[in-house]
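Hi there,

Here is the structure I promised to pass on to you. Please open it beside this email, and then read on for what turned up in it.

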Amino acid sequence: MKIYPLLFGSILLASCAASEKTAAPDVDEALAYCHRQVSRSLSQLGGDSADYTMMPRNIAPADTAWHCRRATCDEWCAGFWPGVLWYGYEATGDTVLRRQAERYTASLEYLSRTPAFDHDLGFLVHCSYGNAYRLTGDDRYRDVVLATADTLATLFNPRVGTILSWPRNVEMLGGHNTIMDNMINLEMLFWAAKHGGDRRLYDIAVCHADTTMKYHFRPDGTCYHVAVYDPADGHFIKGMTHQGYADNSTWARGQAWAIYGYTMVYRETRDSKYLDFARKVTDVYLDRLPDDYVPYWDFDDPDIPAATRDASAAAVVASALIELQQYVGADDASRYLAAARHMLASLGSDAYRSGSRRPSFLDHSTGHRPAGSEIDYSIIYADYYYLEALLRLKKYNEHKDLLAAL
């Protein structure tokens with residue numbers, strides 16, 4: 001299983017050389033830091049005596065310990081902590097992390113036997129069970145992913161052409177709602193279709209990506225957070241925000257999901273229209289970044305530069321760019337890789353590291369600012385994508401060095 005495929009054979013060495021001009025993070029040092037923080041977290045959570053149904057979610061700016069939430073179907077972040085543990089095990093070979101990953105992952109098995117609460121099943125199960133299968137080859141993990149993919153597919157409305165994101169919010173939002181975050185959950189459908197699941201899962205993922213590409217974006221490539229459709233005849237009603245500053249603003253993490261999502265869709269389909277679109281939504285994001293390449297929570301917040309940042313968006317995009325640069329020409333590859341390195345260097349600096357203050361990796365993420373929730377917090381999904389990005393960059397660097405030695 002390739003949660004983050006690394007197809008570096010097609011990368012030109014000229015691109016590698018050009019990107020060396022950009023200051024790069026010390027990946028080994030950063031991974032060692034993450035290992036220390038994970039170990040601190042495990043100790044804080046109770047080690048082998050932990051309640052494995054309680055998943056780290058966030059740490060407030062004035063706090064020093066994880067706030068945990070029970071791994072229920074409405075806790076969309078519950079899969080990220082097991083995913084962090086699996087990535088940590090991959091990075092270090094530490095069998096303590098594997099044992100803990102297995103135990104936390106097992107708490108989510110019930111989702112494969114439960115009707116869909118909403119679209120977040122990919123975040124919950126692909127990040128946990130998907131990584132577990134990739135690293136162990138244990139068919140029990142695969143079977144959970146396959147069953148959960150079938151459950152996610154029940155939210156697909158063929159008249160609309162997308163998966164319903166929030167069944168509970170149909171009335172509030174005025175129809176069949178699809179949020180940009182849902183692009184990430186398509187990866188589980190693509191994966192399932194390749195690993196014994198119904199081919200229809202692939203078709204659903206493609207249809208969702210196509211419909212989203214048609215209606216969810218403005219002409220310049222920026223996205224709405226939410227697209228609302230008539231569930232009866234499928235026509236597009238409106239684009240709006242839920243977690244951004246305004247309906248016509250660019251919410252940073254929403255744009256990050258788009259970058260990551262369409263890069264993944266290109267990988268799974270090899271249809272050039274998705275690569276072209278991934279580049280479009282990426283470039284409009286990069287063009288608006290501040291000097292340290294960590295975005296403000298919304299690019300259009302009038303309080304900028306006093307507005308809060310979103311380290312989670314930077315981590316998501318850094319990870320996506322390390323993959324995206326594989327698929328483009330030398331000039332764009334160099335530019336995207338340089339941007340990813342810049343992001344990771346900033347995130348690895350004292351300005352964004354949690355350090356000794358708390359056992360998370362990163363500070364300064366913004367969850368749901370309009371609701372006053374998780375503002376300037378450490379948040380578990382920022383840590384997940386940060387560690388994923390570091391692993392991707394490490395494998396890229398190793399492959400680059402191998403090519404240079406030939």
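Strand S1 and strand S9 (residues 373-379) pair in the antiparallel sense over two bridges. Strands here are DSSP runs of E with at least two residues, helices are runs of H or I with at least four, and both are numbered from the N terminus. Two strands count as paired if DSSP finds at least two bridges between them. Within this pair, Asn58 stands opposite Ile379 in S9.

Before going further, please keep in mind that this is a predicted model: local features need pLDDT of at least 70, side-chain atom pairs count only at pLDDT 80 or more, and totals for chains, interfaces and linings use all residues. Residues are numbered from 1 along each chain as its sequence is written, and side-chain values use heavy atoms, with hydrogens and water left out.

**The sheet**

S1 (residues 54-59) also has an antiparallel partner in S2, joined to it by four bridges. There, Met54 stands opposite Arg70 in S2. The whole arrangement is an open sheet of four strands in the order S2-S1-S9-S8, with antiparallel pairing. Strand S2 (67-70) and strand S8 (365-368) form the edges, each pairing on one side only.

Why is S1 described as largely enclosed by the rest of the structure? Five of its six residues are buried, so the rest of the structure largely encloses it. Buried means under 20% relative accessible area, exposed means over 50%, and partly exposed is in between (1.4 Å probe, protein chains only).

**Helix H2**

Helix H2 (residues 27-45) has 19 residues and reaches 27 Å from its first C-alpha to its last, close to the 27 Å expected at 1.5 Å a residue. That expected span is 1.5 Å times one less than the number of residues. The buried residues of H2 are Val27, Ala30, Leu31, Tyr33, Cys34, Gln37, Val38, Ser41, Leu42 and Leu45. As you look at that list, remember that an α-helix has 3.6 residues a turn, so residues three or four places apart point the same way. After H2 comes Gly46, with a positive phi near 115°.

**The nonpolar cores**

A nonpolar core is a set of buried Ala, Val, Leu, Ile, Met, Phe, Trp, Tyr and Cys residues joined through side-chain atoms within 4.5 Å. The largest one has 127 residues, and those with the most contacts inside it are Phe80, Trp81, Tyr385 and Tyr386. Helix H14 (residues 380-405) gives the largest share of this core, 12 residues. Another core, of six residues, lies apart from it and includes Leu173, Ile179, Val226 and Val228.

Which residues does Phe80 touch, not counting those up to four places away in sequence? They are Phe123, Cys127, Ile380, Tyr381, Tyr384 and Tyr385. Contact here means heavy atoms within 4.5 Å.

**Two buried residues**

Asp118 is found in the loop between helix H4 (95-106) and helix H5 (121-136). Is Asp118 buried or exposed? It is buried, with a relative accessible area of 3%. Its side chain makes a polar contact with the side chain of Arg168 at 3.0 Å, and a polar atom of that Asp118 side chain lies 3.1 Å from the backbone nitrogen of Asp120. A polar contact is a pair of N or O atoms within 3.5 Å; within protein, one must be able to donate a hydrogen and the other to accept it, and residues adjacent in sequence count only if both atoms are side-chain atoms. Leaving out residues up to four places away in sequence, Asp118 touches Leu155, Ser165, Trp166, Pro167 and Arg168.

Tyr129 lies in H5 and is buried as well, with a relative accessible area of 4%. Beyond its neighbours within four places in sequence, Tyr129 is in contact with residues including Thr105, Leu108, Tyr141 and Val145.

**Backbone details**

The peptide bond from Ile304 to Pro305 is cis, with omega near 15°. Pro305 is found in the loop between helix H11 (272-286) and helix H12 (311-324). Tyr293 is also in the loop between H11 and H12, and has a positive phi of about 65° although it is not a glycine. With a relative accessible area of 24%, Tyr293 is partly exposed.

His364 is another non-glycine residue with a positive phi, of about 70°. His364 sits in the loop between helix H13 (330-347) and S8, and counts as partly exposed at 26% relative accessibility.

Enjoy exploring!
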